[in-house]
Amino acid sequence: MELRQLRYFVAVVEEGGFTRAAARLHLSQPGLSAQIGQLEKELGQPLLDRSNRSVTVTEVGRAVLPYARAALAAADAVRQTVDEHTGLLRGRVTLGLVSGATSRAFDIASFLADFHGAHPALEIALTEDTSARMQAALLSGEIDIALLGPTWEAPPPGISHRTVIDAPLVAAVTSDDPLLAPADRSSVPLADLRGRALICLPRGTGVRAALERACTQAGFRPHVAFEAAAPDVLAQLAARGLGVAVLLGEESPDFGGALRTLRIVEPGVRARIVLAWPATGPASPAAQAFLDRLREALRSVS
């Protein structure tokens with residue numbers, strides 16, 4: 001009897017059949033079936049009933065299943081204990097990142113490369129999405145940690161966070177835009193954006209939520225003519241004269257002087273980028289170590 005055979009048996013039970021279990025284990029279906037057969041031969045009893053089109057667990061299999069899971073858990077605990085003593089991190093960490101959120105303020109690629117270099121046995125997955133969907137993914141456990149622009153006014157239960165960037169929103173316009181009159185103007189009242197074609201991040205992002213809340217309080221609905229997920233694309237559209245780009249001040253490119261930015265005032269509108277994680281803490285030691293290192297790296301940004 002081998003641990004891998006027990007792992008295969010548990011996978012078949014959890015997946016409800018050999019096909020899905022083989023895909024999960026990255027094995028061929030005949031190879032998986034042969035390994036389970038070898039385990040049954042060792043035990044002298046069938047664990048799975050293959051007589052029908054669907055695979056079911058036999059009475060003996062149901063009795064064996066909790067012990068198989070306990071054996072696998074004990075083996076994993078042994079590995080984790082050794083890894084903790086040697087400083088080796090294993091497993092998988094998933095980081096959610098709102099598109100373009102930290103492209104200038106924080107070099108996420110260099111951070112990931114350095115962390116992976118220090119912990120090569122740890123798999124790091126990076127996913128980009130809107131802030132709203134990443135908030136939901138944090139709560140459901142689909143991702144471990146996220147850098148996002150919060151859409152909330154008060155953080156939802158179940159999420160802990162730390163502010164990385166807190167900056168005003170700015171309007172980026174071409175040099176001949178009427179909003180620049182008089183010439184020494186450095187800000188623009190929010191009301192002056194009423195009726196203008198705006199270029200902004202999609203719904204579900206912190207910048208868009210902050211803009212829409214402010215416009216609602218000012219008594220009008222913003223006319224968002226173009227949406228894009230990355231600040232650079234928003235600026236490119238504005239540079240072509242397609243509208244006024246609304247950007248987080250920390251993320252506002254000037255395209256070599258083709259654009260000027262005006263701080264939005266009366267009222268001032270701000271948006272944030274936060275580091276967020278489950279309030280109960282990361283789900284694994286690897287995720288906790290990743291979070292600790294990321295928080296340390298982000299201190300210089302905030």
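**Cysteines.** I began with Cys200: its sulfur lies 9.2 Å from the closest cysteine sulfur, that of Cys215, which is too far for a bond. I then started from Cys215 and found Cys200 as its closest partner, again at 9.2 Å and too far for a bond. For a disulfide, two cysteine sulfur atoms must be within 2.5 Å. My search of the whole structure gave zero disulfides.

**A note on the model.** I am reading a predicted model, where local features need pLDDT of at least 70, side-chain atom pairs count only at pLDDT 80 or more, and totals for chains, interfaces and linings use all residues. Residues are numbered from 1 along each chain as its sequence is written, and side-chain values use heavy atoms, leaving out hydrogens and water.

**Burial of the cysteines.** I call a residue buried under 20% relative accessible area, exposed over 50% and partly exposed in between (1.4 Å probe, protein chains only). Cys200 is buried, at 0% relative accessibility. Cys215 is buried too, at 1%.

**Helix H2.** Helices (H or I, at least four residues) and strands (E, at least two) are DSSP runs, numbered from the N terminus. Which residues of H2 (residues 18-25) are buried? I found Phe18, Ala21 and Ala22. Down the axis of H2, these buried residues fall within an arc of 100° (taken from the directions from the helix axis to the C-beta atoms), so they line one face of the helix. On the other side of H2, I noted Thr19, Arg20 and Ala23 as exposed. After H2 comes His26, with a positive phi near 60°.
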